[in-house]
Amino acid sequence: MSKPLALIIEDDLEIAKILSISLKSEFEVEILADGHSAITRLAQVVPVLIMLDLHLPEVSGMEVFAHIRSDARFAGTKVILCTAYALRAESLRSQADLVLLKPISPSQLRELASRMINTSG
């Protein structure tokens, strides 16, 4: 059985690699470095999990998030928003499945992502 797909949409390659390593035991992971690439890829796939940085080049993370939420194909997709700004994180908690404040603990991310997917029925 193949692993479920997780997209990491993050322009900082170091952070993206850490997130990928944290998730690869449970997920097939793809990294996208900008919002335009993310929207293009989302036209082709429906991942079970999306890790989305809010500060992206080309198309902002908020625009990508709005795109995800407006498309019925992603109704079952869990979205984890990542930001370094506490006030922004707090304001988005009701809109996302989870909001994580950077820096993100790899072990915490692995546990949270696994739990989110395994309890989503």
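With 121 residues, a compact globule would have a radius of gyration near 14 Å, and the chain agrees with this at 13 Å; the radius is taken over C-alpha atoms, and the globule rule is 2.2 Å times the number of residues to the power 0.38. The model is predicted: local features need pLDDT of at least 70, side-chain atom pairs count only at pLDDT 80 or more, and totals for chains, interfaces and linings use all residues. Residues are numbered from 1 along each chain as its sequence is written, and side-chain values use heavy atoms, with hydrogens and water left out.

Along the principal axes, the C-alpha atoms of the chain fill a box of roughly 35 × 30 × 30 Å. Of the 121 residues, 42% count as buried, where buried means under 20% relative accessible area, exposed over 50%, and partly exposed in between (1.4 Å probe, protein chains only). Among contacts with a separation of 6 or more, 55% join residues 24 or more positions apart; a contact means heavy atoms within 4.5 Å.

**Sheet and helices**

The chain has five helices and five strands, which run β-α-β-α-β-α-β-α-β-α from the N terminus. Helices (H or I, at least four residues) and strands (E, at least two) are DSSP runs, numbered from the N terminus.

The five strands form an open sheet in the order β2-β1-β3-β4-β5, with parallel pairing; two strands pair if DSSP finds at least two bridges between them. β2 (28-32) and β5 stand at the edges with a single partner strand each, so one side of each has no neighbour in the sheet. From one strand to the next, the twist averages 15°. Axes are lines fitted to C-alpha atoms, for helices over the stretch in contact, and angles run from 0 to 180 degrees between N-to-C directions.

Five bridges join β3 and β4 in the parallel sense, and Leu49 has Lys78 in β4 as its bridge partner. Helix α3 (residues 61-70) packs on the sheet, where it touches β1, β3 and β4, and its direction makes about 155° with that of β3. Helix α2 (residues 35-42) lies across β1 (5-9), β2 and β3 and runs at about 135° to β2.

Helix α5 (residues 106-118) has 13 residues and should span 18 Å at 1.5 Å a residue, which agrees with the 18 Å between its end C-alpha atoms; the expected span is 1.5 Å times one less than the number of residues. Its buried residues are Leu109, Leu112, Ala113, Ser114, Met116 and Ile117. Their cover includes α1 (13-23), β3 (49-53), β4 (78-83) and β5 (98-101).

**Salt bridges**

The structure holds four salt bridges, each a side-chain nitrogen of Lys or Arg within 4 Å of a carboxyl oxygen of Asp or Glu. The table includes three of them.

| Pair | N to O distance |
|---|---|
| Arg69 and Asp97 | 3.3 Å |
| Asp71 and Arg73 | 3.3 Å |
| Arg115 and Glu111 | 2.6 Å |

Arg69 is partly exposed at 36% relative accessible area, and Asp97 is partly exposed at 36%. Arg73 is partly exposed as well, at 37%.

Arg115 and Glu111 both lie in helix α5, four residues apart, about one turn of the helix. An α-helix has 3.6 residues a turn, so residues three or four places apart point the same way. Arg115 is partly exposed at 45%, and Glu111 is partly exposed at 48%.
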